[in-house]
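Hi,

Here is the model I said I would pass on. Have a look at it first, and then read on for my notes.

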Amino acid sequence: MLVDFHMHSTASDGVMRPLDLREANKAAQIKLMALTDHDTIEGSLELLRQPDPSITVIPGCEFSSTYHNGDVHILGYAFDYTNKELLEYVAFFKESRQTRIFKMTDLCKKNGYDISVDELKAMFPHANSLGRPHLSQLLIAKGYCKTVSEAFNTILHRTSPCYVPKFKAEPSDVIDLIHRANGLAVMAHPVLIRAEEDVHELLELPFDGIEVYHVKQSAADSAKYRKLAIKHKLFITGGSDYHGIPKKEPLAIGDYLIQSDDVAEFLHVLRS
Ligand SMILES: [Zn+2]
Ligand SMILES: [Zn+2]
(Lines give C-alpha, C1' and ligand atoms only; values in the text may rest on other atoms or scores of the structure.)
(Ligands and ions follow the chains in the order given, each with its own letter.)
Protein backbone atom coordinates (compact mmCIF):
# COMPACT_ATOMS: atom_id res chain seq x y z
CA MET A 1 0.00 0.00 0.00
CA LEU A 2 1.21 3.51 -0.82
CA VAL A 3 1.07 6.29 1.76
CA ASP A 4 2.18 9.95 1.99
CA PHE A 5 2.27 11.78 5.31
CA HIS A 6 3.75 15.12 4.29
CA MET A 7 2.39 17.62 1.76
CA HIS A 8 1.19 21.21 1.45
CA SER A 9 -1.89 22.86 -0.08
CA THR A 10 -3.03 26.40 -0.78
CA ALA A 11 -3.91 26.59 2.92
CA SER A 12 -0.17 27.24 3.43
CA ASP A 13 2.47 27.53 0.70
CA GLY A 14 1.38 24.82 -1.72
CA VAL A 15 -0.28 25.42 -5.08
CA MET A 16 -3.09 22.82 -5.09
CA ARG A 17 -6.35 23.21 -3.22
CA PRO A 18 -6.90 20.54 -0.55
CA LEU A 19 -9.62 18.65 -2.44
CA ASP A 20 -7.63 18.68 -5.69
CA LEU A 21 -4.59 17.48 -3.79
CA ARG A 22 -6.58 14.54 -2.43
CA GLU A 23 -7.68 13.69 -5.99
CA ALA A 24 -4.02 13.74 -7.07
CA ASN A 25 -3.21 11.33 -4.24
CA LYS A 26 -6.00 9.01 -5.36
CA ALA A 27 -4.72 9.11 -8.94
CA ALA A 28 -1.26 8.11 -7.62
CA GLN A 29 -2.85 5.08 -5.86
CA ILE A 30 -2.12 6.50 -2.40
CA LYS A 31 -4.51 5.01 0.16
CA LEU A 32 -3.54 6.88 3.31
CA MET A 33 -2.44 10.51 3.48
CA ALA A 34 -1.98 13.50 5.74
CA LEU A 35 -2.13 17.12 4.62
CA THR A 36 0.51 18.90 6.70
CA ASP A 37 0.25 22.60 5.95
CA HIS A 38 2.52 24.96 7.89
CA ASP A 39 0.92 26.03 11.17
CA THR A 40 -2.64 25.65 9.94
CA ILE A 41 -5.18 22.85 9.93
CA GLU A 42 -7.71 24.58 7.67
CA GLY A 43 -6.91 22.33 4.69
CA SER A 44 -6.94 19.20 6.83
CA LEU A 45 -10.34 20.20 8.24
CA GLU A 46 -11.74 20.67 4.74
CA LEU A 47 -10.76 17.10 3.83
CA LEU A 48 -11.95 15.61 7.11
CA ARG A 49 -15.36 17.29 6.79
CA GLN A 50 -15.85 15.66 3.35
CA PRO A 51 -14.52 12.12 3.69
CA ASP A 52 -13.82 10.05 0.60
CA PRO A 53 -14.19 6.25 0.98
CA SER A 54 -11.31 5.49 -1.40
CA ILE A 55 -8.63 7.33 0.58
CA THR A 56 -8.09 7.81 4.31
CA VAL A 57 -6.97 11.20 5.58
CA ILE A 58 -5.50 11.58 9.03
CA PRO A 59 -5.33 15.02 10.69
CA GLY A 60 -1.94 16.62 10.10
CA CYS A 61 -0.04 19.86 10.57
CA GLU A 62 3.60 20.93 10.21
CA PHE A 63 4.36 23.20 13.15
CA SER A 64 7.21 25.71 13.05
CA SER A 65 9.62 26.01 15.94
CA THR A 66 13.10 27.38 16.53
CA TYR A 67 16.17 25.86 18.16
CA HIS A 68 19.58 27.61 18.32
CA ASN A 69 18.20 30.11 15.79
CA GLY A 70 17.52 27.36 13.26
CA ASP A 71 14.13 26.19 12.00
CA VAL A 72 12.82 22.96 13.45
CA HIS A 73 9.66 21.63 11.83
CA ILE A 74 7.48 19.31 13.90
CA LEU A 75 4.79 17.21 12.28
CA GLY A 76 1.66 16.63 14.33
CA TYR A 77 -0.60 13.73 13.40
CA ALA A 78 -3.93 12.24 14.44
CA PHE A 79 -4.60 14.99 16.98
CA ASP A 80 -8.06 15.96 18.17
CA TYR A 81 -8.78 18.72 15.65
CA THR A 82 -11.49 20.18 17.91
CA ASN A 83 -8.95 20.72 20.71
CA LYS A 84 -9.45 24.32 21.86
CA GLU A 85 -5.83 24.99 22.78
CA LEU A 86 -4.58 23.70 19.42
CA LEU A 87 -7.12 25.78 17.49
CA GLU A 88 -6.21 28.89 19.51
CA TYR A 89 -2.52 28.28 18.89
CA VAL A 90 -2.85 28.06 15.09
CA ALA A 91 -5.09 31.18 15.10
CA PHE A 92 -2.48 33.07 17.14
CA PHE A 93 0.30 31.86 14.84
CA LYS A 94 -1.53 33.02 11.72
CA GLU A 95 -2.21 36.42 13.27
CA SER A 96 1.43 36.95 14.26
CA ARG A 97 2.68 35.85 10.83
CA GLN A 98 0.30 38.26 9.14
CA THR A 99 1.17 41.29 11.29
CA ARG A 100 4.87 40.50 10.77
CA ILE A 101 4.55 40.71 6.97
CA PHE A 102 2.58 43.94 7.20
CA LYS A 103 5.28 45.40 9.47
CA MET A 104 7.97 44.31 6.99
CA THR A 105 6.05 45.88 4.11
CA ASP A 106 5.85 49.17 6.04
CA LEU A 107 9.57 48.99 6.80
CA CYS A 108 10.31 48.44 3.10
CA LYS A 109 8.37 51.61 2.34
CA LYS A 110 10.26 53.56 5.03
CA ASN A 111 13.52 52.31 3.52
CA GLY A 112 12.73 53.63 0.07
CA TYR A 113 10.94 50.72 -1.64
CA ASP A 114 7.67 52.00 -3.05
CA ILE A 115 5.30 49.23 -1.91
CA SER A 116 2.28 49.08 0.40
CA VAL A 117 0.20 46.57 2.35
CA ASP A 118 -2.77 47.36 0.09
CA GLU A 119 -0.71 46.43 -2.98
CA LEU A 120 0.36 43.20 -1.32
CA LYS A 121 -3.25 42.31 -0.49
CA ALA A 122 -4.38 43.24 -4.02
CA MET A 123 -1.67 41.06 -5.57
CA PHE A 124 -2.74 37.99 -3.56
CA PRO A 125 -6.49 38.36 -2.94
CA HIS A 126 -6.92 34.61 -2.30
CA ALA A 127 -3.83 33.98 -0.18
CA ASN A 128 -4.70 32.37 3.11
CA SER A 129 -1.58 33.53 4.85
CA LEU A 130 0.76 36.13 3.43
CA GLY A 131 4.45 35.56 4.03
CA ARG A 132 7.90 36.56 2.83
CA PRO A 133 7.47 34.65 -0.48
CA HIS A 134 4.47 36.88 -1.31
CA LEU A 135 6.29 40.05 -0.29
CA SER A 136 9.19 38.91 -2.51
CA GLN A 137 6.81 38.63 -5.47
CA LEU A 138 5.66 42.20 -4.92
CA LEU A 139 9.28 43.42 -4.77
CA ILE A 140 10.02 41.52 -8.01
CA ALA A 141 6.93 43.01 -9.70
CA LYS A 142 8.16 46.46 -8.73
CA GLY A 143 11.60 45.74 -10.18
CA TYR A 144 13.53 45.85 -6.89
CA CYS A 145 14.91 42.33 -7.33
CA LYS A 146 14.80 39.49 -9.84
CA THR A 147 14.07 36.33 -7.86
CA VAL A 148 12.54 35.23 -4.57
CA SER A 149 15.91 33.99 -3.33
CA GLU A 150 17.49 37.35 -4.20
CA ALA A 151 14.78 39.12 -2.14
CA PHE A 152 15.36 36.71 0.77
CA ASN A 153 19.12 37.32 0.61
CA THR A 154 18.95 41.11 0.36
CA ILE A 155 15.89 43.28 1.18
CA LEU A 156 14.18 40.63 3.33
CA HIS A 157 17.31 39.16 4.88
CA ARG A 158 17.64 38.81 8.65
CA THR A 159 20.27 41.58 8.67
CA SER A 160 18.17 44.03 6.60
CA PRO A 161 16.51 47.09 8.23
CA CYS A 162 13.27 45.86 6.60
CA TYR A 163 13.35 42.58 8.52
CA VAL A 164 11.06 41.75 11.44
CA PRO A 165 11.84 38.59 13.41
CA LYS A 166 9.10 36.02 13.54
CA PHE A 167 7.38 34.64 16.57
CA LYS A 168 9.55 31.81 17.84
CA ALA A 169 8.03 28.65 19.26
CA GLU A 170 10.03 26.28 21.45
CA PRO A 171 10.16 22.71 20.10
CA SER A 172 9.21 21.35 23.54
CA ASP A 173 6.12 23.61 23.69
CA VAL A 174 4.98 22.42 20.27
CA ILE A 175 5.41 18.77 21.25
CA ASP A 176 3.42 19.39 24.45
CA LEU A 177 0.68 21.14 22.49
CA ILE A 178 0.36 18.15 20.12
CA HIS A 179 0.35 15.71 23.04
CA ARG A 180 -2.30 17.66 24.95
CA ALA A 181 -4.47 17.36 21.82
CA ASN A 182 -3.87 13.59 21.91
CA GLY A 183 -1.72 13.71 18.79
CA LEU A 184 1.63 12.25 17.77
CA ALA A 185 4.72 14.47 17.42
CA VAL A 186 7.24 13.69 14.68
CA MET A 187 10.57 15.34 13.91
CA ALA A 188 10.29 16.48 10.28
CA HIS A 189 13.13 16.09 7.74
CA PRO A 190 16.04 15.98 10.23
CA VAL A 191 18.47 16.56 7.35
CA LEU A 192 17.22 20.16 7.15
CA ILE A 193 17.92 20.89 10.82
CA ARG A 194 20.78 23.38 11.25
CA ALA A 195 23.33 21.01 12.79
CA GLU A 196 23.68 17.30 13.45
CA GLU A 197 24.23 17.95 17.15
CA ASP A 198 20.92 19.84 17.28
CA VAL A 199 19.18 16.71 15.96
CA HIS A 200 20.72 14.65 18.76
CA GLU A 201 19.83 17.21 21.44
CA LEU A 202 16.28 17.59 20.12
CA LEU A 203 15.73 13.84 20.16
CA GLU A 204 15.98 14.01 23.96
CA LEU A 205 12.54 15.69 23.79
CA PRO A 206 9.46 13.46 23.95
CA PHE A 207 9.03 12.95 20.19
CA ASP A 208 6.94 9.95 19.12
CA GLY A 209 8.42 9.53 15.67
CA ILE A 210 10.97 10.72 13.14
CA GLU A 211 10.60 11.38 9.41
CA VAL A 212 13.10 8.91 7.98
CA TYR A 213 11.79 9.13 4.40
CA HIS A 214 11.74 12.58 2.84
CA VAL A 215 12.45 13.85 -0.66
CA LYS A 216 15.55 15.75 0.58
CA GLN A 217 17.01 12.72 2.40
CA SER A 218 19.28 10.30 0.54
CA ALA A 219 19.30 6.54 1.15
CA ALA A 220 22.33 7.07 3.38
CA ASP A 221 20.47 9.77 5.35
CA SER A 222 17.48 7.46 5.78
CA ALA A 223 19.75 4.66 7.05
CA LYS A 224 21.27 7.07 9.58
CA TYR A 225 17.88 8.29 10.83
CA ARG A 226 16.53 4.74 10.98
CA LYS A 227 19.30 3.98 13.48
CA LEU A 228 18.34 7.05 15.51
CA ALA A 229 14.71 5.92 15.48
CA ILE A 230 15.72 2.58 17.00
CA LYS A 231 18.01 4.24 19.54
CA HIS A 232 15.30 6.65 20.74
CA LYS A 233 12.42 4.15 20.38
CA LEU A 234 10.65 6.30 17.79
CA PHE A 235 8.37 5.14 15.02
CA ILE A 236 9.33 5.94 11.42
CA THR A 237 7.28 8.11 9.05
CA GLY A 238 7.78 9.48 5.58
CA GLY A 239 6.35 11.87 3.06
CA SER A 240 6.94 13.71 -0.19
CA ASP A 241 6.72 17.29 1.20
CA TYR A 242 4.96 18.10 -2.07
CA HIS A 243 4.24 21.82 -2.60
CA GLY A 244 3.69 21.96 -6.35
CA ILE A 245 6.11 24.86 -6.78
CA PRO A 246 7.85 24.64 -10.20
CA LYS A 247 11.38 23.20 -10.04
CA LYS A 248 10.88 22.14 -6.41
CA GLU A 249 11.05 18.34 -5.94
CA PRO A 250 8.86 16.37 -6.05
CA LEU A 251 7.26 17.93 -9.13
CA ALA A 252 4.08 15.87 -8.77
CA ILE A 253 2.22 13.85 -6.18
CA GLY A 254 3.31 10.27 -6.80
CA ASP A 255 6.89 11.16 -7.79
CA TYR A 256 8.12 10.31 -4.29
CA LEU A 257 6.29 7.39 -2.77
CA ILE A 258 6.30 5.70 0.61
CA GLN A 259 5.48 2.03 1.04
CA SER A 260 3.32 1.21 4.06
CA ASP A 261 5.76 -1.59 5.02
CA ASP A 262 8.43 1.06 5.67
CA VAL A 263 6.22 2.87 8.18
CA ALA A 264 4.46 -0.17 9.63
CA GLU A 265 4.90 0.81 13.29
CA PHE A 266 3.41 4.26 12.66
CA LEU A 267 0.39 2.66 10.96
CA HIS A 268 0.06 0.33 13.94
CA VAL A 269 0.09 3.30 16.37
CA LEU A 270 -2.51 5.10 14.24
CA ARG A 271 -4.83 2.12 14.41
CA SER A 272 -4.44 1.53 18.14
ZN1 LIG B 1 9.34 21.42 6.70
ZN1 LIG C 1 6.64 20.45 4.71
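Let me start with a loop: Asn 69 sits between strand 4 and strand 5, where helices (H or I, at least four residues) and strands (E, at least two) are DSSP runs numbered from the N terminus. Its phi is positive, about 65°, although Asn 69 is not a glycine. Asn 69 counts as exposed, because it has 8 C-beta neighbours inside 10 Å. The cut-offs: buried means 20 or more other C-beta atoms within 10 Å of a residue's own, exposed means 12 or fewer, and partly exposed is in between, with C-beta atoms placed from the backbone.

His 68 is in the loop between strand 4 (60-67) and strand 5 (70-77) as well. Its phi is also positive, near 50°, and His 68 is not a glycine either. With 12 other C-beta atoms within 10 Å, His 68 is exposed.

Before I go on, some housekeeping: this is a predicted model, where local features need pLDDT of at least 70 and side-chain atom pairs count only at pLDDT 80 or more, while totals for chains, interfaces and linings use all residues. Residues are numbered from 1 along each chain as its sequence is written, and chains are lettered from A and ligands numbered from 1 in the order in which they are written.

Now the sheet around that loop. Strand 4 and strand 5 run antiparallel and are joined by eight bridges; Glu 62, for one, has Leu 75 in strand 5 as its bridge partner. Two strands count as paired if DSSP finds at least two bridges between them. Helix 7 (residues 171-180) packs on the sheet and touches strand 4, strand 5 and strand 6 (184-187), its direction making about 5° with that of strand 5. Contact here means C-beta atoms, placed from the backbone, within 7 Å. Axes are lines fitted to C-alpha atoms (for helices, over the stretch in contact), and angles run from 0 to 180 degrees between N-to-C directions.

The whole sheet is open, with five strands in the order 4-5-6-7-8 and mixed pairing. Strand 4 and strand 8 are its edges, each pairing on one side only. On average, neighbouring strands are turned by 40° against each other, direction ignored. Helix 10 (residues 264-271) lies across strand 6, strand 7 (209-214) and strand 8, at about 100° to strand 8.

One last thing to check: the peptide bond from Glu 249 to Pro 250 is cis, with omega near -10°. Pro 250 is in the loop between strand 8 (235-239) and strand 9 (258-259).

Cheers

Terms used. Contact = placed C-beta atoms within 7 Å.
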